[in-house]
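Could you walk me through this structure, stop by stop? I have it open in a viewer and would like to know what to select next.

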Amino acid sequence: MNAGKSQRAPWIVGVSGASGTPYAAAVLRALIAAGEDVDLVVSRASRLTLLDETGISFRDAHWRADLAEWLARGADGKPDSFAVDVSGVRYWSAGDLAAGPSSGSYPAKGMLIVPASTACVAGVALGLSKDLLQRAASVTLKERRTLVVAVRETPLNGQTLRHLVALDDAGASVVPASPAFYAGATHIQDLVDFVAGRVLDAAGVPHGLYRRWKGELRGGNG
């Protein structure tokens with residue numbers, strides 16, 4: 001091994017079956033723009049959500065082309081809204097429990113689950129590891145690495161709230177997919193980017209996705 005070459009240490013991004021695939025796309029674009037390495041895990045359920053929300057079929061055999069098409073699409077559904085180089089992304093099938101992220105010895109900075117369904121939240125909180133997404137999250141927790149869970153559901157019942165508290169107790173950051181309006185949003189992409197930015201804030205990844213609060217009221221003016 002070349003001692004002068006740094007070891008690849010990616011952010012693992014897990015996409016579960018909750019509505020909110022534009023949030024995942026915004027996070028992935030920002031990580032790539034920040035020069036971060038990315039490992040991607042797309043759950044079986046999330047493929048159905050992605051197809052429903054964007055019309056894009058995410059296929060294992062053609063994942064790179066499908067990912068490029070997805071990340072180029074804006075939150076309003078307009079294609080070719082962004083130019084993104086996905087050549088640095090590594091993809092792992094959700095059914096591959098022998099994949100790199102399934103082991104604590106696999107180098108990673110942490111994991112971002114965006115969006116996180118209540119089923120995914122329950123699986124991670126209970127340590128079920130029924131697929132690679134859940135297994136990678138469990139590994140992230142046991143290795144004391146950063147885990148950010150962007151839960152997207154409303155209303156939340158008591159069982160899910162208890163699961164979220166358990167994740168918080170285990171060291172995860174729970175970031176509800178709840179956009180704010182003080183950043184001066186004028187487009188649906190602005191609202192999506194705010195949530196994506198808060199996910200990245202929790203992970204300590206620099207970005208310029210939204211205007212930060214500076215303690216100055218604007219009185220509703222643009």
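This is a predicted model: local features need pLDDT of at least 70, side-chain atom pairs count only at pLDDT 80 or more; totals for chains, interfaces and linings use all residues.

Residues are numbered from 1 along each chain as its sequence is written, and side-chain values use heavy atoms, with hydrogens and water left out.

**Stop 1: two helices.** Select residues 21-33, helix α1, and residues 63-72, helix α3. Helices (H or I, at least four residues) and strands (E, at least two) are DSSP runs, numbered from the N terminus. The axes of α1 and α3 are 9 Å apart, at an angle of about 100°, which makes the two helices roughly perpendicular (65 to 115 degrees). Axes here are lines fitted to C-alpha atoms, for helices over the stretch in contact, and angles run from 0 to 180 degrees between N-to-C directions. Now show the side chains: T21, A24, A25, L28, R29 and I32 of α1 meet L67, W70 and L71 of α3, where contact means heavy atoms within 4.5 Å.

**Stop 2**

**Stop 3: a strand residue.** Next, pick V38 in strand β2 (residues 38-42). Is V38 buried or exposed? At 1% relative accessibility, V38 is buried (under 20% relative accessible area, with exposed over 50% and partly exposed in between; 1.4 Å probe, protein chains only). Beyond neighbours within four places in sequence, V38 has contacts that include W11, L28 and V89.

**Stop 4: aromatic pairs.** The structure holds six of these. Rings of Phe, Tyr and Trp (its six-membered ring) pair if their centres lie within 6.5 Å; planes under 30 degrees apart are stacked, over 60 edge-to-face and the rest tilted. Select W92 and Y106: the ring centres are 6.1 Å apart and the planes at 90°, so this pair is edge-to-face. W92 sits in strand β3 and Y106 in the loop between β3 and β4, so the pair ties together parts 14 residues apart in sequence.

**Last stop: a ring cluster.** Finish with Y182, F194, Y210 and W213, which ring pairs link into a cluster. F194 is buried, at 5% relative accessible area, and Y210 is buried at 12%.

Key. Angles under 35 degrees count as roughly parallel, over 145 as roughly antiparallel, 65 to 115 as roughly perpendicular and the rest as oblique.
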